[in-house]
Amino acid sequence: MTESVPTHPIMERNVHRVTISTGSAILEKARIAIESPIEIEVYDVTAFHTVHSPKDAKALAVGMLFSEGLIESLSDIERIEPNHTGQETLQIYLSPQALSKINTSKYHDRKVYKMSSGSLTRQSLQDPIVRVTDSFSASPKWFQTATKHMQARQNIFSKTGGTHAAAIVQATGQIIAFAEDIGRHNAFDKAIGKCLIDKVSPSGQGIMLSGRVSLEMLTKAARAGIELIGAVSAPSSLAI
């Protein structure tokens with residue numbers, strides 16, 4: 001029997017909520033963030049397998065391909081089609097020009113498994129980080145404003161407490177792309193994907209993140225031309 005693909009990022013379940021002070025447990029309904037498998041197939045190149053919040057799948061696919069260096073812009077994609085296999089699957093066809101630039105030997109195993117928490121490899125430690133321009137200028141209050149505006153949009157988190165967010169933000173504090181997902185890397189890729197789909201450049205902007213800044217998050221930002229990273233958590237040693 002084929003399982004149905006979730007179409008909403010939140011589910012309800014009965015849970016026992018325990019009060020620490022009294023030790024009592026009360027049965028009540030809780031909203032849970034859904035974690036759903038998705039396969040992104042790039043025709044004649046590779047396939048990415050990950051889990052995500054079942055929302056903004058197209059933006060995730062576009063942003064992930066950009067972060068992986070398979071595309072430079074939305075014009076590198078000829079079309080995106082759903083592939084009904086019982087799980088959420090997107091089939092992506094790249095333009096001949098984009099295909100000619102790809103080193104297919106990098107994807108010789110044809111399948112890439114990406115955790116929603118990232119997929120750091122030995123190669124990614126050796127790859128040079130793209131240099132960005134130095135045009136972004138904002139006051140220290142930018143961090144407070146960007147965080148406030150990002151948190152105001154975290155509708156799934158406010159109901160479940162179980163998702164991450166990424167907001168690409170101008171120096172004025174205005175958000176130009178926002179995404180929320182069970183995984184912080186997915187949220188970042190979805191925000192980048194929305195920029196590409198909406199033909200809004202993330203280059204020269206800042207980003208606010210709901211989690212820690214790892215090396216992979218840094219390289220995503222650099223590839224997109226993002227100049228300033230704000231986060232509610234700390235950076236890792238490799239990111240520094």
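Is Asp56 buried, exposed or partly exposed? In this predicted model, Asp56 has a relative accessible area of 27%, so it counts as partly exposed, since that class lies between 20% and 50%.

**Two aspartates with positive phi**

Asp56 lies in the loop between strand S4 and helix H1. Its phi is positive, at about 60°, although Asp56 is not a glycine. Asp44 is a further non-glycine residue with a positive phi, here about 70°. The loop that holds Asp44 runs between strand S3 and strand S4 (46-52). With a relative accessible area of 49%, Asp44 is partly exposed.

In soluble globular proteins, nonpolar side chains tend to be buried together. The largest nonpolar core here has 39 residues, of which Ile40, Leu65, Leu94 and Phe188 touch the most other members. Elements that give two or more residues to this core include strand S3 (36-42), helix H1 (57-67), strand S6 (88-94), helix H6 (184-197) and helix H7 (215-223). Strands S8 (164-169), S9 (175-181) and S10 (206-209) are also among them. The most is given by H1, with seven residues.

Beyond its neighbours within four places in sequence, Ile40 is in contact with Leu60, Ala61, Met64 and Leu65, among others. The contacts of Ile40 also include Thr46, Ala47, Phe48, Leu90 and Ile92.

**Helix pairs**

Two packed helices are described by the angle between their axes and the distance between the axes. Two pairs that involve H6 are tabulated below.

| Helix pair | Axes come within | Crossing angle |
|---|---|---|
| H6 and H7 | 11 Å | roughly 5° |
| H1 and H6 | 6 Å | roughly 95° |

The axes of H6 and H7 cross at roughly 5°, which makes H6 roughly parallel to H7. Residues Arg184, His185, Phe188, Asp189 and Ile192 of H6 meet Glu216, Met217, Lys220 and Ala221 of H7.

For H1 and H6 the crossing angle is roughly 95°, and H1 is therefore roughly perpendicular to H6. On the H1 side, the residues that meet H6 include Leu60, Val62, Met64 and Phe66. On the H6 side, Asp189, Ile192, Gly193 and Leu196 are among those that meet H1.

**Helix H4**

Helix H4 (residues 141-152) has twelve residues, so at 1.5 Å a residue it should span 16 Å. The end C-alpha atoms of H4 are 17 Å apart, which agrees. The buried residues of H4 are Trp142, Ala146, Thr147 and Met150. These cover an arc of only 125° around the axis, and therefore lie on the same side of H4. Lys141, Gln144, Lys148 and Ala152 are exposed on the other side of H4. The cover over the buried residues of H4 includes S8, S9, S10 and strand S11 (228-231).

**Ile102**

Ile102 sits in the loop between helix H2 (96-100) and strand S7 (111-113). Its relative accessibility is 12%, so Ile102 counts as buried, the limit being under 20%. Leaving aside neighbours within four places in sequence, Ile102 is in contact with Val45, Leu70, Leu94 and Tyr107. From Ile102 to Ala222 there are 120 residues in sequence and 20 Å in space, C-alpha to C-alpha.

Methods: Residues are numbered from 1 along each chain as its sequence is written. This is a predicted model: local features need pLDDT of at least 70, side-chain atom pairs count only at pLDDT 80 or more; totals for chains, interfaces and linings use all residues. Side-chain values use heavy atoms; hydrogens and water are left out. A nonpolar core is a set of buried Ala, Val, Leu, Ile, Met, Phe, Trp, Tyr and Cys residues joined through side-chain atoms within 4.5 Å. Buried means under 20% relative accessible area, exposed over 50%, partly exposed in between (1.4 Å probe, protein chains only). Helices (H or I, at least four residues) and strands (E, at least two) are DSSP runs, numbered from the N terminus. Contact means heavy atoms within 4.5 Å. The expected span of a helix is 1.5 Å times one less than its number of residues. The arc is that of the directions from the helix axis to the C-beta atoms. Axes are lines fitted to C-alpha atoms, for helices over the stretch in contact, and angles run from 0 to 180 degrees between N-to-C directions. Angles under 35 degrees count as roughly parallel, over 145 as roughly antiparallel, 65 to 115 as roughly perpendicular and the rest as oblique.
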